[in-house]
Amino acid sequence: MNPDISPTQHWFGLLRLLYRVPLVLLHTVLGLPLTVLCQGAAGRAMKIGGRTLNERTLTWWAGTTCRIFGLERRVRGELEAGPLLVAANHISWIDIQLLHSLGPMGFVAKAEINAWPVVGWMSDLKMLSLADAEDFFSTYYAPNNLTAALVGNFDPAVVKTLAEK
């Protein structure tokens with residue numbers, strides 16, 4: 001036993017373990033197959049309350065995992081509808097569960113991104129016509145398509161004012 005932990009804390013830790021292990025097993029044995037089954041074409045086709053079944057089961061799975069491990073989620077604002085880029089430097093596997101509990105998202109390892117070219121693959125760029133490039137630019141390079149993640153000590157009202165200029 002760790003000498004820095006009191007006997008009471010030790011017993012509470014054991015009780016938490018006895019409480020959480022069966023929940024994790026139950027969640028894995030029953031919830032994981034259900035979640036995986038709903039990720040197919042049928043789950044993407046069924047909508048419930050404006051969200052697809054695969055989105056709902058994925059966020060349910062991740063949220064339940066967070067609750068089992070005692071994570072408290074504090075959310076400010078909402079994720080926009082549609083595809084988003086979320087830049088996050090996560091530090092453990094539970095971060096991925098926490099982010100998935102907010103909504104479905106894909107994750108890419110830093111090692112993979114390191115090998116990506118900045119402007120695209122040369123084979124794709126060689127096949128691009130000027131008309132295609134202009135069409136892409138006029139469609140997607142617009143202020144209403146901007147998604148940004150701002151981190152640090154700043155005044156949100158000042159940033160919003162600057163962004164609206």
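In what order do the elements of the chain run from the N terminus on? They go α-α-β-β-α-α-α-α-α-α, which comes to eight helices and two strands. Here helices (H or I, at least four residues) and strands (E, at least two) are DSSP runs, numbered from the N terminus. Keep in mind that this is a predicted model, where local features need pLDDT of at least 70 and side-chain atom pairs count only at pLDDT 80 or more, while totals for chains, interfaces and linings use all residues. Residues are numbered from 1 along each chain as its sequence is written, and side-chain values use heavy atoms, with hydrogens and water left out.

Now for the chain as a whole. Of its 165 residues, 15% count as buried; buried means under 20% relative accessible area, exposed means over 50%, and partly exposed is in between (1.4 Å probe, protein chains only). Among the contacts (heavy atoms within 4.5 Å) with a separation of 6 or more, 56% join residues 24 or more positions apart.

Let's start the tour at helix 1, residues 7-37. Its 31 residues reach 44 Å from first C-alpha to last, close to the 45 Å expected at 1.5 Å a residue; that expected span is 1.5 Å times one less than the number of residues. Helix 1 does bend, by about 35° at Gly31, and Pro33 follows within four residues. The bend at a residue is the angle between axes fitted to the seven residues ending there and the seven starting there. Which residues of helix 1 are buried? They are His27, Gly31 and Thr35, and what covers them includes helix 3 (53-68).

How do helix 1 and helix 3 run past each other? Their axes come within 11 Å and cross at roughly 175°, which makes helix 1 roughly antiparallel to helix 3. Axes are lines fitted to C-alpha atoms, for helices over the stretch in contact, and angles run from 0 to 180 degrees between N-to-C directions. Angles under 35 degrees count as roughly parallel, over 145 as roughly antiparallel, 65 to 115 as roughly perpendicular and the rest as oblique. Residues making this contact include His27, Gly31 and Thr35 from helix 1, with Trp61 and Thr65 among those from helix 3.

Helix 3 also meets helix 4 (residues 93-102), their axes coming within 7 Å and crossing at roughly 130°, so the two are oblique to each other. Among the residues in contact are Trp61, Ala62 and Thr65 of helix 3 and Trp93, Ile94 and Gln97 of helix 4.

Thr65 is worth a stop. This helix 3 residue is buried, with a relative accessible area of 6%. Leaving out residues up to four places away in sequence, Thr65 touches His27, Trp93, Ile94 and Gln97.

Is Phe107 buried or partly exposed? At a relative accessible area of 34%, Phe107 is partly exposed. Phe107 touches Ile96, Leu99 and His100, again not counting residues up to four places away.

Finally, look at strand 2 (residues 51-52), where Thr52 sits. Thr52 counts as buried at 10% relative accessibility. Neighbours within four places aside, Thr52 is in contact with Gly43, Arg44, Met46 and Lys47.
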